[in-house]
Amino acid sequence: NLACDEALLNRSEAGEDEEILRFWEPREYFVVVGYANKVETEVDVAACAAYNVPIFRRCSGGGTVLQGPGCLNYTLILLITGHHSLTSISGANKFIMEQNRAATESVIHDPKSVIAVRGHTDLTVGERKFSGNSQRRYKRSLLFHGTFLLNLDLSLITKLLRAPSKQPDYRNNRSHTEFLTNLNVSAARLKGALGKIWNATRESRDDPEPETQKLAAEKYSASKWNFKL
C-alpha cells in the first residue's frame with residue numbers, strides 16, 4: 001500500500017489526468033516513519049521486534065505512526081495545475097484538511113464533539129487527535145494521504161513508539177494515550193462521506209500494479225530505505 005501510493009503519484013506526474021481517492025485498511029500491525037524521521041529516535045525498535053511489528057518508511061513527510069486493525073487510510077492524488085488552492089504546501093494543507101474536516105463532521109452527530117484542524121494537518125475532536133496527514137509534491141501532481149483512528153488499540157502505540165521528536169504546540173507534551181483518540185465511527189460511513197465531499201463518483205480498477213510490485217520489492221521491503229536514518 002505504501003508502494004502503491006508512490007506508484008499512483010508517479011503515474012499522475014507522467015501524464016495521467018485522473019485524480020484519485022483511494023482507501024485501504026491494514027489487517028496487521030506495523031510502524032511507518034515519515035520520510036525524514038530517524039528510526040531510533042521515534043521508535044522503540046526492540047519493542048517492535050518483541051511484538052513482531054515491522055517498521056517501514058513512507059515517501060511523504062510528517063511523523064511516525066502505528067498502523068493496524070481499526071485504522072482507515074486514504075490517498076488523494078490531485079493535479080496541482082487544476083487547483084489554485086494546491087499551488088503551495090500551506091494552501092494544499094488548508095484546502096484538503098478543511099474538506100476532510102467537513103466530511104468527518106458530517107458523520108458525527110454529537111453537537112458537543114467539535115471537529116477541528118490543528119497543527120496544520122491534524123484533525124481533532126476536542127483536544128485529542130484522531131487523524132494525521134502528510135503530502136509529497138511533484139511539479140504537476142501531489143500525493144496527500146493520512147490515517148483516521150477509528151478503533152485502533154491505542155495502548156500499543158505507547159509500547160512501540162517513543163514520544164515524537166517534533167510535536168505541535170497544542171499537544172502540550174501529553175503522552176500518546178492522553179493525546180490520541182478513536183473516532184468510533186464505521187469505516188463505511190466515513191468512506192462514504194469522504195467520497196461525497198471529494199466527488200469520487202466512479203470506481204477505477206486501473207491500478208499501477210507492475211510499478212507497485214517493483215517499488216514494494218526493491219524499495220519498501222529494503223532495510224536501506226526503511227532504516228536509512
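Trainee: Which residue is the bridge partner of Phe 23 in strand 5?
Mentor: The partner is Tyr 74. Please keep in mind throughout that this is a predicted model.

Trainee: How many bridges join strand 1 to strand 5, and how do the two strands run?
Mentor: There are five bridges between them, and the strands run antiparallel. Strand 5 covers residues 71–79.

Trainee: What is the order of the strands in the sheet?
Mentor: The order is 1-5-9-8-7-6, in an open sheet of six strands with antiparallel pairing. At the edges are strand 1, residues 20–24, and strand 6, residues 115–118, each of which pairs on one side only. On average, neighbouring strands are turned by 20° against each other, ignoring direction.

Trainee: Back to strand 5. Is Thr 75 buried or exposed?
Mentor: Thr 75, which lies in strand 5, has a relative accessible area of 0%; a residue counts as buried under 20%, so Thr 75 is buried.

Trainee: What does the side chain of Thr 75 join in a polar contact?
Mentor: It joins the side chain of Asp 5, at 2.7 Å. Setting aside neighbours within four places in sequence, Thr 75 also has contacts that include Ile 20, Leu 21, Arg 22 and Trp 24. Leu 143, Phe 144 and His 145 are in contact with Thr 75 as well.

Trainee: Which residues of helix 4 are buried, and what covers them?
Mentor: Among the buried ones are Ala 92, Ile 96, Met 97 and Ala 103, together with Asn 93 and Arg 101. The cover includes strand 5, strand 6, strand 7, strand 8, strand 9 and helix 7.

Trainee: Finally, the whole protein. How many helices and strands are there?
Mentor: There are nine helices and nine strands. The radius of gyration is 17 Å, close to the 17 Å the globule rule gives for 229 residues, so the protein is as compact as a globular protein of that length. Buried residues make up 49% of the 229.

How values were computed:
Residues numbered from 1 in each chain as written. Predicted model: local features only at pLDDT ≥ 70, side-chain atom pairs only at ≥ 80, totals over all residues. Heavy atoms only, no water. Pairing = 2+ DSSP bridges. Helix = DSSP H or I, 4+ residues; strand = E, 2+ residues; numbered from the N terminus. Axes fitted to C-alpha atoms, helices over the stretch in contact; angles between N-to-C directions. Buried < 20%, exposed > 50% of the residue type's maximum accessible area, 1.4 Å probe, protein only. Contact = heavy atoms within 4.5 Å. Polar contact = N/O pair within 3.5 Å; in protein donor to acceptor, adjacent residues only side chain to side chain. Rg over C-alpha atoms; globule rule 2.2 N^0.38 Å.
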